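Hi,

Here is the structure I promised to send over. Have a look at it first, then read on for what turned up.

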Amino acid sequence: MEKTRAKYMISQKSPKLLSLLLDNIRVNKTYTVSDIASKLDDIGVLQVRDRISLNELIDVLSSFDILDRADGKSFILNEVGSDLKSIYLRDRGLFFEIYHIIKYYAFDLNNCEYAFLPFKSYQMLCRLLYNGSKKNNKQIADEIDSYISNTYNVIGSFSDACITRGLLWLYELYPSIVNADQKGVFRRDRVISQAFLYNIYLYYKYKNIQIRDPLFIDNVTKIDICTPLFLSEDNFLEMLDTVCNKYPNHIDKKYNISGTYIILKTDISFRELK
């Protein structure tokens, strides 16, 4: 069967560009890409490729329901986006944890559409790093390229530059996952409670589990939940207890003859994470 041409590179959009965009928009005001580009140009922070990346970033944020596209050229920061921006202004570390988790699940939660394949590449990068891959960037890139191309029957390009772009987002996570020499990542013994809770929420959606239905914690599920958080499996139950104690109205841990299970009691919005 002939392969479909598709884009699955990790984009040049950067955490810095996302921060610049959020710093310069407010809720329910209409903007165009030119408006933002001109403003950034005036303060001397617009790079050569940023105009293209800005448009791509706005498309991504629209697909995440953070921005509303008013028409083909303009956009609005909606109420959901305003709640997320409030997190950004109050706690940058939590913001980038949440944004990372959204990116991690984006392909699966959007019906595995080809338009979201770059997020599948990002997810694969996270999984390889979590599992302690000793390969260099080019070898990791080749593995991701081969997997995406063969699994989804697409043809595109993926290089070691994509790994560098992906790492830019991972380096924003707090507590840090970066080794002192910045040549690798490691598993964390704790994460921000709100990030853990939001990860559970998206995992429920990913697994198509209804709110208030049980999520049984076997070894596979534990690894699945820990991976996007770069959380050590040995610290999972301790972190779960912390979150259940902090958010008893949202999540509970229970036991039966089969073992430990989680009950997520409510949907989790950005407003509840502030």
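**Pockets and a hairpin**

By class, the lining of the largest pocket splits into 11 nonpolar, three polar and four charged residues (Ala, Val, Leu, Ile, Met, Phe, Trp, Tyr, Cys and Pro count as nonpolar, Asp, Glu, Lys and Arg as charged, and the others, Gly among them, as polar). Bear in mind that this is a predicted model, where local features need pLDDT of at least 70, side-chain atom pairs count only at pLDDT 80 or more, and totals for chains, interfaces and linings use all residues. Numbering starts from 1 along each chain as its sequence is written, and side-chain values use heavy atoms, with hydrogens and water left out.

That pocket has a volume of about 420 Å³. A pocket here is an open set of points on a 1 Å grid over the protein atoms alone, where a 1.4 Å probe fits, with protein on both sides within 12 Å along at least five of seven lines; lining residues have an atom within 4 Å of a point. Of its 18 lining residues, Phe64, Asp65, Tyr198, Lys205 and Phe270 are the closest to its centre.

The second largest pocket comes to about 360 Å³, and of its 19 lining residues Ser11, Lys13, Val60, Pro118 and Phe119 sit closest to the centre. Volumes are the space filled by probe spheres set on the points, with grid points joined across faces, edges and corners. Helix H3 (50–63) gives the most to this lining, with five residues (helices are DSSP runs of H or I, at least four residues, and strands are runs of E, at least two, numbered from the N terminus).

Lastly, strands E7 and E8 form a hairpin with two residues between them.

Cheers

How values were computed
Two strands pair if DSSP finds at least two bridges between them.
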